[in-house]
Each structure stands twice: as C-alpha cells, then as structure tokens.
Amino acid sequence: MFTARGLKAAEAHLAYPLVSCRYPTLSLGLWTNYVRAAERDDAAERLICLVDRRDRRHAIFAYGVDRSQHRGMLRVAHIATFQLVGDAIHRALHQTLEDIARAHDCREVVIETWTGCDDVASVSRGCMPRVAGRVLTLDTSVEHVGTLN
C-alpha cells in the first residue's frame with residue numbers, strides 16, 4: 001500500500017502540506033532548505049517519505065546511522081504522519097525502519113525529537129514496537145503525546 005523512498009529537494013513542496021499540518025510555523029523556504037541539505041552526499045541524515053500509489057505523502061522521517069559503536073545505531077527523527085483509519089501507515093513505517101536498520105547492520109534504533117528546522121517536534125513513546133531483536137531506545141527528552149500524528 002505504501003512505498004518508502006528518499007525525499008528530493010525538487011519535491012519538497014509536495015511534502016510540505018504534510019509537514020505544515022504538524023508544524024504550522026515552519027515556512028516552505030526553511031523546509032526546502034532542510035530537504036536540500038539532507039539530499040547532499042555528505043548529509044548526516046536522509047529523509048524518507050512513505051507514499052501511496054497516487055504519489056501522496058503519508059509519512060516523513062529523517063534517519064542517520066551512528067557508527068561510533070561496534071554495530072551501527074539507527075537514529076530516527078519522526079517528522080510527520082497523517083493519521084489514517086487502521087494501522088497500515090504504522091506497519092509500513094515500522095517495516096521501513098526495520099529494512100533500513102537491517103541494511104545498515106544496526107542493532108539499535110533510537111527515536112528522537114526532530115530538530116531539523118525548528119525545535120518543535122515530539123514523538124509518542126509508544127509509537128514503535130521492538131522488532132527483530134533490535135533494541136529500541138527513546139530519547140529522554142521525547143514528550144508523551146498519546147498517539148502518533
């Protein structure tokens with residue numbers, strides 16, 4: 001139902017409605033600059049969108065791999081998700097994170113607050129399950145917000 005793919009600066013404006021619903025004070029210009037920076041070859045993090053068959057964006061998150069430990073640690077910052085009926089978007093998000101962690105040989109996945117453009121993000125403590133023997137850690141500064149929106 002959903003396909004994960006990298007977000008390119010040329011399509012930042014297409015993802016902006018989703019991001020601006022969650023962060024109404026974030027300008028299109030700041031968002032586009034952030035996407036452009038994440039697209040660079042030397043970027044510390046990448047942006048991923050979950051898109052449906054009609055090419056509509058339903059979730060956006062940033063990820064980076066911390067190689068300071070023996071096995072990598074996948075660091076994920078949730079940016080925005082449209083709340084849909086059912087749990088298909090959540091399952092797609094979980095599977096995408098599992099795939100990325102496996103591809104980068106990460107045993108641990110850390111969900112953090114997003115601080116890309118504007119320090120207003122928060123992620124629900126219960127939004128991600130433990131999967132495939134990986135350790136899921138939540139940044140201590142993450143606020144409990146109830147549901148993943």
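## Tyr-34 and the aromatic pair

Tyr-34 is buried, with a relative accessible area of 10%; buried means under 20% relative accessible area, exposed over 50%, and partly exposed in between (1.4 Å probe, protein chains only). Trp-31 is buried as well, at 0% relative accessibility. The model is predicted: local features need pLDDT of at least 70, side-chain atom pairs count only at pLDDT 80 or more, and totals for chains, interfaces and linings use all residues. Residues are numbered from 1 along each chain as its sequence is written, and side-chain values use heavy atoms, with hydrogens and water left out.

The structure holds one aromatic pair. Trp-31 and Tyr-34 form this pair, which is tilted, at 5.9 Å centre to centre and 35° between the planes. Rings of Phe, Tyr and Trp (its six-membered ring) pair if their centres lie within 6.5 Å; planes under 30 degrees apart count as stacked, over 60 as edge-to-face and the rest as tilted. Trp-31 and Tyr-34 are separated by about one helical turn because they are three residues apart in helix H2 (residues 28-39). Helices (H or I, at least four residues) and strands (E, at least two) are DSSP runs, numbered from the N terminus.

Asp-52 lies in the loop between strand S2 (46-51) and strand S3 (57-66). Asp-52 is buried, its relative accessible area being 13%.

The side chain of Asp-52 makes a polar contact of 2.9 Å with that of Arg-56 and a polar contact of 2.8 Å with that of His-58. A polar contact is a pair of N or O atoms within 3.5 Å; within protein, one must be able to donate a hydrogen and the other to accept it, and residues adjacent in sequence count only if both atoms are side-chain atoms. With neighbours within four places in sequence left aside, Asp-52 is in contact (heavy atoms within 4.5 Å) with Met-1, Phe-2 and His-58.

Although Asp-55 is not a glycine, its phi is positive, at about 70°. Asp-55 is partly exposed, with a relative accessible area of 34%.

Asp-105 is likewise not a glycine and has a positive phi, of about 55°. The loop that holds Asp-105 runs between helix H3 (88-103) and strand S5 (106-112). Asp-105 counts as partly exposed, at 43% relative accessibility.
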